[in-house]
Amino acid sequence: MEPCAQKRTGKHNAELVEAVFRLMFEILWVAPYDRRRGNAAWREFDLTARRAVQLLASTDFAAASPEQLGTVLRTAELLVRCIGRFGQEHLFSPARYTEALALARRVADRVREAAACGAEA
């Protein structure tokens with residue numbers, strides 16, 4: 001067996017990771033030469049989205065500690081707040097902003113549900 005085939009990826013929450021990637025690379029994508037990249041709200045979103053992907057991919061909700069679930073939940077909620085700033089600063093069209101905010105809220109809700117289930121266990 002090839003060495004790369006022997007690797008275990010250990011990725012979790014593929015659906016949520018895909019949703020955050022969709023936010024980053026489809027709905028709220030900004031070209032490298034776009035002036036919006038210099039905006040503090042966009043930079044905060046970019047960093048938070050990258051952190052959210054890392055946490056979601058590495059956290060098994062069923063086996064995670066309450067502290068781990070809390071970290072993932074705080075990051076998901078911060079992602080929603082970052083996107084909320086886009087509406088105040090009019091960085092994206094209202095349609096894109098609304099779509100992004102709805103998707104980010106769905107991700108945060110799923111994480112909140114997982115954290116609630118983890119707290120009950």
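A polar contact is taken here as a pair of N or O atoms within 3.5 Å; within protein, one atom must be able to donate a hydrogen and the other to accept it, and residues adjacent in sequence count only if both atoms are side-chain atoms. The structure is a predicted model, in which local features need pLDDT of at least 70 and side-chain atom pairs count only at pLDDT 80 or more, while totals for chains, interfaces and linings use all residues. Residues are numbered from 1 along each chain as its sequence is written, and side-chain values use heavy atoms, with hydrogens and water left out.

The overall picture comes first. The protein has five helices and zero strands, and its elements follow the order α-α-α-α-α from the N terminus. Helices (H or I, at least four residues) and strands (E, at least two) are DSSP runs, numbered from the N terminus. Of the 121 residues, 40% count as buried, where buried means under 20% relative accessible area, exposed over 50% and partly exposed in between (1.4 Å probe, protein chains only). Among contacts (heavy atoms within 4.5 Å) with a separation of 6 or more, 75% are accounted for by residues 24 or more positions apart.

Helix packing can be followed through α3. Two packed helices are described by the angle between their axes and the distance between the axes. Axes are lines fitted to C-alpha atoms, for helices over the stretch in contact, and angles run from 0 to 180 degrees between N-to-C directions. For α2 and α3, the angle is about 165° and the axes are 9 Å apart. This makes α2 roughly antiparallel to α3, on a scale where angles under 35 degrees count as roughly parallel, over 145 as roughly antiparallel, 65 to 115 as roughly perpendicular and the rest as oblique. The crossing of α2 and α3 is left-handed, a label used if the near helix is turned anticlockwise from the far one by less than a right angle, with right-handed used if clockwise. On the α2 side, the residues in contact include Leu16, Val20 and Met24, and those of α3 include Phe45, Ala49 and Leu56. By class, this contact of α2 with α3 holds 11 nonpolar, no polar and two charged residues. Ala, Val, Leu, Ile, Met, Phe, Trp, Tyr, Cys and Pro count as nonpolar, Asp, Glu, Lys and Arg as charged, and the others, Gly among them, as polar.

On α4, the packing angle with α3 is about 155°, with the axes 9 Å apart. That makes α3 roughly antiparallel to α4. The contact draws on residues including Trp42, Phe45 and Leu55 of α3 and Leu78, Ile83 and Phe86 of α4. These residues divide into 14 nonpolar, three polar and four charged. α3 also passes α4 in a left-handed crossing.

Asparagine 13, in the loop between α1 (3–6) and α2, has a positive phi of about 55° although it is not a glycine. Most residues other than glycine have a negative phi. The side chain of asparagine 13 reaches the backbone oxygen of leucine 56 at 2.7 Å. Leaving out residues up to four places away in sequence, asparagine 13 touches Leu56, Thr59 and Phe61. Histidine 90, in the loop between α4 (66–89) and α5 (94–120), has a positive phi near 55° and counts as exposed because its relative accessibility is 67%. Asparagine 39 sits in the loop between α2 (14–27) and α3 (40–58). Its side chain reaches the backbone nitrogen of alanine 41 at 2.7 Å.
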